[in-house]
Amino acid sequence: MPADRLHVLLLIGDSRDLRRVRALLDEAFALGSIRISAAVGAMDALASVADDETGVLITTRGPDEIAELLVQAPGLTVLALSDSAAPVAAGAQEALVLSDLDGSRLGRAVRHAVERSRK
């Protein structure tokens, strides 16, 4: 497995949504090119970020929690699953509507978020 593979951390409360996002990521990326892990809550996510260089956090959390995560981990790249722009105002790279997502769209959003964060 490549050492430089992208780590995608999921902070998604609903187990069905979590499974769906995992499946979409598996569809969007070649086997072994990303590592997907899930955090149970904000503290777990912060611990994961501290222990490992996370490439992208995908979350269903609201703007207040996103803003707090970014205070604790300022370099974190966040993609929000939300039907409003509020998470972007809180610091997320992009807000994506989960019901409209497919693997291609999610993969593109992850790649663009990583590219923007590296600039």
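Guide: Contact means heavy atoms within 4.5 Å of each other. By that rule, and leaving aside neighbours within four places in sequence, Ala 38 is in contact with Leu 9, Leu 10, Leu 18, Arg 22 and Asp 44. The model is a predicted one, in which local features need pLDDT of at least 70 and side-chain atom pairs count only at pLDDT 80 or more, while totals for chains, interfaces and linings use all residues. Residues are numbered from 1 along each chain as its sequence is written, and side-chain values use heavy atoms, with hydrogens and water left out.

Visitor: Why is Ala 38 called partly exposed?

Guide: Ala 38, in strand S2, has a relative accessible area of 36%. Buried means under 20%, exposed over 50%, and partly exposed in between (1.4 Å probe, protein chains only). A value of 36% falls in between, so Ala 38 is partly exposed.

Visitor: And why is Ser 37 called buried?

Guide: Ser 37 also has its place in strand S2, and its relative accessible area is 17%. That is under 20%, so the word is buried. Not counting residues up to four places away in sequence, Ser 37 touches His 7, Val 8, Leu 9, Leu 10 and Arg 22.

Visitor: What makes the link between Ser 37 and His 7 a polar contact?

Guide: The distance between the two side chains is 2.6 Å. A polar contact is a pair of N or O atoms within 3.5 Å; within protein, one must be able to donate a hydrogen and the other to accept it, and residues adjacent in sequence count only if both atoms are side-chain atoms. The 2.6 Å is within the limit, so the link qualifies.

Visitor: Why is Gly 13 called exposed?

Guide: Gly 13 sits in the loop between S1 and H1, and its relative accessible area is 63%. That is over 50%, so Gly 13 counts as exposed. Its C-alpha atom is separated by 8.1 Å from that of Arg 61, 48 residues apart along the chain.

Visitor: What makes up the secondary structure?

Guide: There are five helices and five strands. Helices (H or I, at least four residues) and strands (E, at least two) are DSSP runs, numbered from the N terminus. Along the sequence the pattern is β-α-β-α-β-α-β-α-β-α.

Visitor: How does the span of H1 compare with what is expected?

Guide: The expected span of a helix is 1.5 Å times one less than its number of residues. H1 has 14 residues and reaches 20 Å from first C-alpha to last, close to the 20 Å expected. At its start, a side-chain oxygen of Asp 14 reaches to within 2.9 Å of the backbone nitrogen of Arg 16.

Visitor: Which residues of H1 are buried, and where do they lie around the axis?

Guide: The buried ones are Leu 18, Val 21, Leu 24, Leu 25 and Ala 28. Their arc, taken from the directions from the helix axis to the C-beta atoms, is only 130 degrees, so they are on the same side of H1. Arg 16, Arg 19, Asp 26 and Glu 27, on the other side, are exposed. S1, S2, S3, S4 and H5 are among what covers the buried residues.

Visitor: Why are the buried residues of H3 said to line one face?

Guide: In H3 (residues 63–72), Ile 66, Leu 69 and Leu 70 are buried. Seen down the axis, they fall within an arc of 95 degrees, so they line one face. Asp 64 and Val 71, on the other side, are exposed.

Visitor: What makes a set of residues a nonpolar core?

Guide: Such a core is a set of buried Ala, Val, Leu, Ile, Met, Phe, Trp, Tyr and Cys residues joined through side-chain atoms within 4.5 Å. The largest one here has 24 residues, of which Leu 10, Val 21, Leu 25, Ile 58, Leu 106 and Val 110 touch the most other members. Two or more residues each come from S1 (6–11), H1 (15–28), S2 (34–38), S3 (56–59), S4 (78–81) and H5 (103–118). Another core, of 15 residues, lies apart from this one and includes Leu 9, Leu 11, Ala 45 and Ala 80.

Visitor: Why does the radius of gyration agree with that of a compact globule?

Guide: The radius is taken over C-alpha atoms, and the globule rule is 2.2 Å times the number of residues to the power 0.38. For 119 residues the rule gives a value near 14 Å; the protein has 13 Å, so the two agree.
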